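I opened this model to look up its fold, its core and its pocket. My entries follow the display.

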Amino acid sequence: MSTWFKLTLIHVWMILLRIHVTLDAAAYNRIRDGILNTLWLDVDKRLELLGAQLNQKLNTTADMRKMNGLYIQTLLEFDEGFLQDDTFLAAAVWRNLYLQRSFDPIH
């Protein structure tokens, strides 16, 4: 769930960044709201399904607050990296996807 959420956040950030440049403010706000509503409905549904598999309730208010905090932190870090140079953006991606853990790209 965590990996899916982090990858989805990267995609949402890229989409929002792209449409922010190409659309006027009213159209951007409508599309942004639709994308984010869909994201949170999907997160809620996935947490519900995962909770049923684990026999736990995972979509509580506290869990959703943690996911929202991760969402805000991730988008702010990507924005900061985008506004600086490639090394800052690469560091933001590294922190948010891999948490600075070593990994084997083959697997």
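The entries below go from the whole chain to the core, the pocket and one record.

**Basis.** I am working with a predicted model, in which local features need pLDDT of at least 70, side-chain atom pairs count only at pLDDT 80 or more, and totals for chains, interfaces and linings use all residues. I number residues from 1 along each chain as its sequence is written, and side-chain values use heavy atoms, with hydrogens and water left out.

**Fold.** I looked up the secondary structure and found four helices and zero strands in the protein chain. Helices (H or I, at least four residues) and strands (E, at least two) are DSSP runs, numbered from the N terminus. The order along the sequence is α-α-α-α. I noted a box of roughly 45 × 40 × 25 Å for the C-alpha atoms, taken along the principal axes.

Among contacts (heavy atoms within 4.5 Å) with a separation of 6 or more, 53% join residues 24 or more positions apart.

**Core.** I then asked which residues touch the most other members of the largest nonpolar core. They are Phe5, Leu16, Trp40, Val43 and Tyr71, out of 19 residues in that core. H1, helix H2 (25–54), H3 and helix H4 (86–98) each give two or more residues to this core, and H1 gives the most, with seven. A nonpolar core here is a set of buried Ala, Val, Leu, Ile, Met, Phe, Trp, Tyr and Cys residues joined through side-chain atoms within 4.5 Å.

The largest pocket has a volume of about 220 Å³. A pocket is an open set of points on a 1 Å grid over the protein atoms alone, where a 1.4 Å probe fits, with protein on both sides within 12 Å along at least five of seven lines; lining residues have an atom within 4 Å of a point. The volume is the space filled by probe spheres set on the points, which are joined across faces, edges and corners. Helix H1 (2–22) and helix H3 (61–83) each supply at least two lining residues, and the largest share, six residues, comes from H3. I listed the lining, including Trp13, His20, Tyr28, Asp79 and Phe82.

**Record.** The unreviewed UniProt entry annotates residues 1–26 as "signal peptide"; such annotations may be inferred rather than shown by experiment. In the model I find residues 1–26 to be 88% helix and 0% strand, with the end C-alpha atoms 33 Å apart.

Conventions. Buried means under 20% relative accessible area, exposed over 50%, partly exposed in between (1.4 Å probe, protein chains only).
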